[in-house]
Amino acid sequence: MPEQTVRPPGTDAEQGTGGPGRPVDGERGGGALSGRPDASRRRRVTVAVSWILAAWLLPWALTALHLGPVLPVLLLLGVGASLRVGGGLLDRLMVSALLIVGAVLLLGLLMSVWPWGLSGPLSCSILLTLAGLRWWVSGRLPSLPLRVRGSDLLVVGTFGAALWQLWRPIAGLDAIRQLRFGGTSADAYVHFSIFDTIQHLQGYLFLHASAAAPYVPAPTQTSYPQGSHFFLAWFDLLVHNGRTEPVLLTAYTTFFHDTLVVLALVPAAVVWGARWVAGPRLRGLRSAALLGGLSALVLVSPLVTLVPAGYFSEIFGLLCVPLTVAVIVRPAMGWAERAAVIVAGLAAVAYSYNLFTGVALCAAAALTLVHRRGLRQVAVWWIPAVLVGLGLAAVPSLYSMVTSLNVTSQAATAGIGSATQPSLLFTGGVLAVVLLALLAGVRQGTAVARAGLLTGLGVTVMLAAFGAWQLATVHALSYYYAKMATGVVLAALVLAGSLGWLGARPARQPRPARRWDGALTAVVATAVAAGVFLLAANVSWAPRSVQRSSAVPVGRGGGSATAAIPLLAWGRGELSMDAPPAGAFVYSPEAMASRQPVIVLDQNIGWANEQGTFLANTLLRQQGLMTPWALDVYYVNIGLGKPTRKQYADGLWNLEKALRAQGRATTIWVAEPTLVPRLQRDLSRLVPTVPVTVRLLPRTPWKVAPIAK
C-alpha cells in the first residue's frame, strides 16, 4: 500500500489534532454517523446493546470453552475499535496495547482487594465496557482501520528477527535444560517468586505484605516495582482460563518464555515509535533507510544480556518507555485519548520499572507545555482527570518510599555491573544528533518537534544531573546510572524519527502510475533498508570494557565480525551456564510436601551454592524464609570434592550460623559423597536443636564440574 500523503508542516495532520470533525492522521471517516438522525440513533443503540452483551458474555463464554488465548485478541481489537487514533492497523493496535497495559495495572489496585481476584473474564468485561463508553461518548461507531503500510514489515520483521534469535538455543529443550539460559541469576528467581506470589495471593504484594513474607525476600513485597509481574501474572491466568500451573518448574519456564517475547518486542517498539514520531513526512526510501538503521542499532545492542543477568522487570520497563514517549510526543488523537495515553503510559512505566518514570514525565510535561493553548478549551475536565490518573500511577512508588525504600541509598547502589550501559560517547552522540534534528523541526514550526525537543532536553538534563550526583557521592557512574542511560537512549532513538524530516518537501502532484512503479519502489526500499541495516549493525552500543567487566560475558566468537553482537551470541547458545543450577534437581513432590528449608552445596564457591539454594527454595515456595540465613550460605565454600581442613571448618561454621538463624528442620544436599556422613555427624553435634538431614545430590545427565573463580 502507498504511504500517507505528505502535507506541509504545521497542518492539522502534522500536529496530530485532525481539526474539528476531520479524520486524524489519514484515518477514514467510516466510523462516523451519517444519514437520517432517527436511523443513526437506532443504529447507535443497536450497536451499543450488542457491544455490552458481547463485553459481558464473550469473555466468560471463551473461558468456559477453554479458549482463553482468544481473550487478549478480543480485548486488543475491542479497545482498538473504540479509539480514533492513527490511520493504519498497526498504529491502532500499538496504541491500544499500551492503553491495555496501563489500564490493567491501574485496575490491579482494585483487583487486589475485591473478592474475585485476578479474574480474567471480569477484568476484560470491565475494560471492554470502558472502551464502549468511549466510542459512545465520541458520537462515533466502533471501527478498525484495515490499512497497512510498507514500513509495517520493518516493525514486524524486527520483532520476528529478535524472537527467532532468542528462541533458537532453547527450542526443543525441556524445562530443566532451559534453566541454563533463564535460570542463571538469583535475580531471576526473585522475579519469578513475585510473579508466582501475585497469582497465589491474587493481587499486588504491597497490598498483601504480611501474607507475601514467606514467599519473597523482605522487603521485596513493599519496595520493588511489581507492574511487570502483575501484568504477566494476569495475562498468564487469562490465556490459561484462570488455571494456575501446579508444577512450579513449568510455571518458571512459562514466565521465562513471556520475558523473551517482551524482550523481542522492545526493538520493534523502538522502530514503530520512531515512525510514529516522524509522522506522515516519513515515507518511501527515507522511511526504509531510517527505520532499517534503527532496527539494526537496537538488535545489535546488548539488551539480551538482561536475560542471563535476571533483570526481567527492567526488560518490561524498556518496552513501555518507547511506546509511552512516542504517543505522548506526537499525540495524533483527541484530548480524551491524550489523557488516556498519558495516564496509561506513566502507569505502565512507573509500575513496571519506576527508575524510568522521569523519562515519561518529561514527555508528559512537554506535551502540556506545547499544547497549552488547545488545552484551555478542555482544562476543566482534562487536568483533574490526568492528575487523578497520575496520582494512581504513583501509588506503588509512594508506598515503597514511605514503608521500606531509601531512595538515596538505593540510587547509590553499586550493583554487579550492567552490560547494557551505553558508552558516554554513544549516548552523547545520539542525543546530540537527535536534538539537532528536532531543532531543525522547530524552525519549521511543528508542535511535534517542539514537544520532542523539550522531551530530549529534559531527559538529557535528568541523566546529566543523576550522573553528576553519583560522581559527587559515590565517585563513579554506577549501576543505576547505567540502567537510566539505557532508558534514555531508547527514548532518544524513538525521537530519532525526527531525522526523517530533514530535507522533506511537500509531495508534488503525482504523475500517472505505471504498472511496475509499486514493485520497483518496494525493491529499492528493501535494498536501502538492508544496506543501512548492515551499516548500523557495525555500530557498537557499549564499549568492550563494559562488556568484559559485566556480570555476563558477551560473545566467544574470537575475531569474527559478529563476535561482539550479544543477540547472535545468545542465539549460538553462548550466554548460558554449562549445566542447570543444582537446585532444580532436588525439586520433587516429596520435598514440596515436607515444606522444609533446603540448602544445596554443589560447588566450592559460596555464591554458586547460594544460587542453587535460592532456586530450590523458590521452587518450594519458601524463598522468603531464606532472608535470615541466605548470606551465611554465600560463604559456604564446600560441596564438591574433598575440602581442606580450613575450608571445611569455615563452611561448617557458616552452616551452623544458617541453621541457628532459621531454626527449622533442614535438608542439606551435597555433591561430594564423603561430605554426607561428615556433615551429618558434625551438624547434629553443633546444632542439636535443629533436625538436619544431609543427602547426596541426585545423579544428573550433566557432569558436576567446578566453576572457575
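The following questions and answers examine how features of this predicted model are classified.

Q: Why is the pair of Phe181 and Trp570 called edge-to-face?
A: The ring centres of Phe181 and Trp570 are 5.6 Å apart and their planes stand at 65°. Rings pair if their centres lie within 6.5 Å, and planes over 60 degrees apart count as edge-to-face.

Q: What makes Phe181 and Trp570 a link between distant parts of the chain?
A: Phe181 belongs to helix 7 (residues 175–182) and Trp570 to helix 27 (residues 566–571), and the two are 389 residues apart.

Q: Are Phe181 and Trp570 buried or exposed, and how do you know?
A: Buried means under 20% relative accessible area. Phe181 has 2% relative accessibility and therefore counts as buried. Trp570 has 0%, so Trp570 counts as buried as well.

Q: Why is the pair of Phe466 and Trp469 called stacked?
A: The centres of the Phe466 and Trp469 rings are 6.1 Å apart, with the planes at 10°. Planes under 30 degrees apart count as stacked, given centres within 6.5 Å. The pair of Phe466 and Trp469 is therefore stacked.

Q: How do you know what separates Phe466 and Trp469 along helix 23?
A: Phe466 and Trp469 are 3 residues apart in helix 23 (residues 447–473), which means that about one helical turn separates them.

Q: What makes Phe466 buried and Trp469 partly exposed?
A: The limit for buried is under 20% relative accessible area, and partly exposed lies between that and the exposed class, over 50%. Phe466 has a relative accessible area of 13% and is therefore buried. Trp469, at 30%, counts as partly exposed.

Q: Which residues form one aromatic cluster?
A: The cluster consists of Tyr189, Phe192, Phe195, Tyr252, Phe255 and Phe312.

Q: What makes the contact of Glu337 and Arg134 a salt bridge?
A: The closest N and O atoms of Glu337 and Arg134 are 2.9 Å apart. A salt bridge requires a side-chain nitrogen of Lys or Arg within 4 Å of a carboxyl oxygen of Asp or Glu, and the contact is accordingly a salt bridge. Glu337 lies in helix 16 (residues 335–352) and Arg134 in helix 5 (residues 120–138), so the pair ties together parts that are 203 residues apart in sequence. The structure holds 12 salt bridges.

Q: What makes Lys657 and Asp632 partners in a salt bridge?
A: Their side chains meet at 3.8 Å, N to O, and the limit is within 4 Å. Lys657 is in helix 31 (residues 645–662) and Asp632 in helix 30 (residues 630–634), so the pair ties together parts that are 25 residues apart in sequence. Lys657 is partly exposed, with a relative accessible area of 32%, and Asp632 is buried at 14%.

Q: Why is Asp682 called buried and Arg681 exposed?
A: Buried means under 20% relative accessible area and exposed means over 50%. Asp682 has 9% and is therefore buried; Arg681 has 52% and is therefore exposed. Asp682 forms a salt bridge with Arg681, with 3.6 Å between the closest N and O atoms.

Q: What joins Asp91, Asp152 and Arg275 into one network?
A: Salt bridges that share partners join Asp91, Asp152 and Arg275.

Q: Which residues make the nonpolar surface patch?
A: Val45, Val49, Leu53, Leu57, Leu130, Leu133, Trp136 and Val137 make a nonpolar patch of about 760 Å². Helix 2 (37–64) and helix 5 are the elements that give two or more residues to the patch.

Q: Why is Val49 called partly exposed?
A: Val49, in helix 2, has a relative accessible area of 46% and is therefore partly exposed. The exposed class begins over 50%.

Q: Which residues gather in a patch of positive charge on the surface?
A: Arg372, Arg373, Arg376 and Arg450 form this patch. Arg372 is placed in helix 18 (residues 372–375) and, at 44% relative accessibility, counts as partly exposed.

Technical notes:
Residues are numbered from 1 along each chain as its sequence is written. This is a predicted model: local features need pLDDT of at least 70, side-chain atom pairs count only at pLDDT 80 or more; totals for chains, interfaces and linings use all residues. Side-chain values use heavy atoms; hydrogens and water are left out. Patches are made of residues with over 30% relative accessible area and no salt bridge: like charges are joined within 9 Å, nonpolar side chains (Val, Leu, Ile, Met, Phe, Trp, Tyr) within 5 Å. Accessible areas come from the Shrake-Rupley method with a 1.4 Å probe; for residues, only the protein chains shown count as cover. Lys and Arg count as positive and Asp and Glu as negative; His and the chain ends are not counted. The place of a charge is taken as NZ of Lys, CZ of Arg, CG of Asp or CD of Glu. Helices (H or I, at least four residues) and strands (E, at least two) are DSSP runs, numbered from the N terminus. Buried means under 20% relative accessible area, exposed over 50%, partly exposed in between (1.4 Å probe, protein chains only). Rings of Phe, Tyr and Trp (its six-membered ring) pair if their centres lie within 6.5 Å; planes under 30 degrees apart count as stacked, over 60 as edge-to-face and the rest as tilted.
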